[in-house]
Amino acid sequence: PFFLFGHGKAIHRMDLDGKNQRRLVAGVGRSIFLDFHFRDDTIYWADKQTGVIYKAAVREAQRQKLCSDKHISGLAVDWIWKIYSGRVKKRGELGKLMSTEKNEVTLVRHLTQPSAITVDPIDRFLFWLSGDTFPSIQRSYVTGQKKTTLIKMTVQVKALTIDRQEKRLFWVQFGLQGESAVASCDYNGNTLHILDVPLEVHSGISVFLQNIYYTDDTFRVIKQMNKHSGGEALNINLKPMAKPPVDIKVVHHLNQPMEDSSFPGYNSCCDIQSGNCVSVCSSLAEHGKCQCSEGFALSKQGTHCEDVNECALWNHGCSLGCENIPGSYFCTCPKGYALLPDRKTCKEIVPCEGNIKCGHGCLQTDEGAICVCPEGSLLQEDGHVCTGCMSPDRGGCSQLCTSVTLTGWQCGCLPGYHLHHDGKRCIASGPPSFLLVANLVDVRQINPGGSGNQILLEEPKGAIIALDYDPVENKVYFASTSQKTIERIDFHGGSREVLVTDVLDSPEGLAIDWVHRKMYWTDKSQAAVSCSTLAGLNRQTVVSKALEKPRGIAVHPSEKKLFWTDIGAQPVVESASLEGKSRVIVASTNLVSPSGLTIDFTEDRLFWCDLRRGVVETAALDGSHRQVLLDNQVGRPFDLAVFEDRLWISDQEHQQLRSVHKRTGKNLQNILGLLQPASIVVVHPLAKPGADVCLHMNGGCSQICENKLGFAHCSCLPSSTLAVDGKSCLPDSTGTESTQLTSLENKLGDENTPQTTPGFSTHKTEADFDINNGKSTFTDKMVSDQHDCDSLRCDVNAQCLLNGGSPGCSCLEGFTGDGLLCVVV
């Protein structure tokens, strides 16, 4: 076995031990797609810039132009059927080039930016990525039929390859914070496995036997890692290459296996999915006899398999409806009817009687009444509750649920979240979240599970009830009913700043509009909802008419709406525009003293609690789909906060901070005992979506700041390099030298690439050039610790950066430490 990869403007090969690197084909372009045909001893490549596809024999320098397409975005060789699949086009088509190398056939149309095509001719499957920022992995037969989506990603995917021995797909993925991993699944998108690996955005990947091989652009090496356990990656080539390796392939007959001719009745001219013969089986003695899979029948000519329409036969067994599909069929029922467990007999859906409680009705069977579940759902073991995308529990998925079969579904996550290994929960990317809790005499910073209890500020005179925070300027805002003030303080300490003081009587609710840069508060004594700038200026009353005792308040910037509770004689939960117009009653029945409320921005749902009734409820923003989550289980709930799958509640009767599952109301936990817990907020970049952290002090970046889902991503101008702290920019002392080197290489051309590549460091500190007879020699001072990023073991809340060739760990914003251990500031 050996590696095949792009190197500069050439295609190189190298043994799996890093030795014997040499050039095979020169002048192929700097950016290529690459594949090979093992038995024909042929290399195929496509120039991304020109769109021209070429092939060349490994032992011959002469190349042959096959075709040209400027929209090409992928290439794969079908080594069995002599069809060179791979015309994956950015314009939304997937095509193939026939073995004649002249006739092109479009296989799949209407795709979204397809890329990274790969093929398994044995199972007759094509796989590719579809989409840009968060692509999905899709599959079809090599004929283009039965296109299906296997996995919908919530991360960036940059490479896709196949392990044909274990029939698994492998890909490289990147999270919003730069976290990277190699992930894999089976051909049906199941049994997902993720290995956390530090990777570059342009990494290529290939699988051979027990190992994954991938490219590292920074150190210009090929690395090896166990595909099952991961572990520490090993460098294949000890010295960096002159240029980063591109689109790596492992060339070996095991990576391009032929069909299993030992399989009884198998014929190499038949499609093993349906039994379809793709050529005439003329010599039965030599090739065997064509056989068809179940649900297919051999044609009269004996050369191909045809689908059997079971619904046209008398014995399909369906009582009312039948629908034929290739190779099989299923029974259907008209509206108002449902299939019995035999999946053939239709029965009318009737209301449930007695103790049976089903949301979708019942079917009467010989064994009694059974619950009916909607399409895409399954009945749980209790026989009463349905689970699935169309059921109240949404299949147990935290955020997104997609039906993939009549009784199956797949969970997914919104941008910024990643799917937990359980395949259901969505976990927020970035730094750990924490809670801010108003505790009458102080404000506490607490981890979601109750640990890490810290006092952010103290108020000896007490009465801190309301608080919120601004994710852009990282400031905490709080109101004191005893001092009759609204103040703010920086997350990292400093002096308190009084914003509002002379117009307040009883401020018990506070909300920050982090997008429109406004502050809203309720004043129970003045019966008003007011607002000002974040500095306390331009104060005005937003709502005052028909208010009695407003308390809790929340803001939805993207919807441009305010929500508040009123605990007066006619208790109500109400909403209005940010200017106080277009008022709408969200809830007005079964309320006694609605105090706190919060918004789940991932689902656009409102949660509120009733202090006297001891009830926690939830509803859509317009008040529809109202549901009691907790009833008399949390004493006197004052306020609440929601994030990911949890809902936190301040219980003033038991002086406890508690949490519960936000959708089921189950798994109620006591988090922490406090003096008198009041307002709660969750602090995390995704807890307040839409915040542009680059607005304030350029996000802490010295030059370029790019806001991505509430995170500041710093970068530098071309003349500078990013420092270890991830924010500062340092002058690029190698800029002139690098330009000279690039210019010299361009003059020499790729034909002069040395057969044995000398070592190069990522940051060149010394370069001597000697040009004799068209050849070039480079001498570089090697940086001894250039590969130490792999072994530094930076904390999960840190990043490894190179500064002048020396790697170092640096804690992310909001954390402090030496980089090996980072804790919340």
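Predicted model: local features only at pLDDT ≥ 70, side-chain atom pairs only at ≥ 80, totals over all residues.
Mentor: Residues are numbered from 1 along each chain as its sequence is written, and side-chain values use heavy atoms, with hydrogens and water left out.

Trainee: What makes β15 and β18 edge strands of their sheet?

Mentor: The sheet is open and has four strands in the order β15-β16-β17-β18, with antiparallel pairing. Strands are DSSP runs (E, at least two residues), numbered from the N terminus, with helices being runs of H or I of at least four residues, and two strands pair if DSSP finds at least two bridges between them. β15 (156-163) and β18 (193-196) each have a single partner strand, so one side of each is left without a neighbour in the sheet. From one strand to the next, the twist averages 20 degrees, where axes are lines fitted to C-alpha atoms, for helices over the stretch in contact, and angles run from 0 to 180 degrees between N-to-C directions.

Trainee: How do you know that β15 and β16 are paired?

Mentor: Seven bridges join β15 to β16 (residues 168-174) in the antiparallel sense, and the definition asks for at least two bridges, so the two strands count as paired. Within this pairing, Q156 stands opposite F174 in β16.

Trainee: Why is the pair of F125 and Y141 called stacked?

Mentor: A pair of aromatic rings is described by the distance of the centres and the angle of the planes. Rings of Phe, Tyr and Trp (its six-membered ring) pair if their centres lie within 6.5 Å, and planes under 30 degrees apart count as stacked, over 60 as edge-to-face and the rest as tilted. For F125 and Y141 the values are 5.6 Å centre to centre and 20 degrees between the planes, so the pair is stacked. F125 belongs to strand β12 (residues 125-130) and Y141 to strand β13 (residues 136-141), 16 residues apart. Ring pairs also link F125, F127, Y141 and Y187 into a cluster, and the count by this rule comes to 10 aromatic pairs.

Trainee: What makes F125 and Y141 buried rather than exposed?

Mentor: Buried means under 20% relative accessible area, exposed over 50%, and partly exposed in between, with a 1.4 Å probe and protein chains only. F125 has 8% relative accessibility and Y141 has 16%, so both residues count as buried.

Trainee: Why is the pair of W514 and F601 called edge-to-face?

Mentor: The centres of W514 and F601 are 5.7 Å apart and the planes stand at 90 degrees, so the pair falls in the edge-to-face class. W514 lies in the loop between β45 (507-513) and β46 (518-523) and F601 in the loop between β53 (594-600) and β54 (605-610), so the pair ties together parts that are 87 residues apart in sequence. W514, at 3% relative accessibility, counts as buried, whereas F601, at 23%, is partly exposed.

Trainee: What is called the largest nonpolar core here, and which residues have the most contacts inside it?

Mentor: A nonpolar core is a set of buried Ala, Val, Leu, Ile, Met, Phe, Trp, Tyr and Cys residues joined through side-chain atoms within 4.5 Å. The largest one has 38 residues, and L436, F643 and L657 have the most contacts inside it. Strand β38 (residues 434-438) gives the largest share of this core, five residues.

Trainee: Why is K335 called exposed, and where does K335 lie?

Mentor: K335 has 86% relative accessibility, so the residue counts as exposed, and K335 lies in the loop between β27 (328-332) and β28 (337-339).
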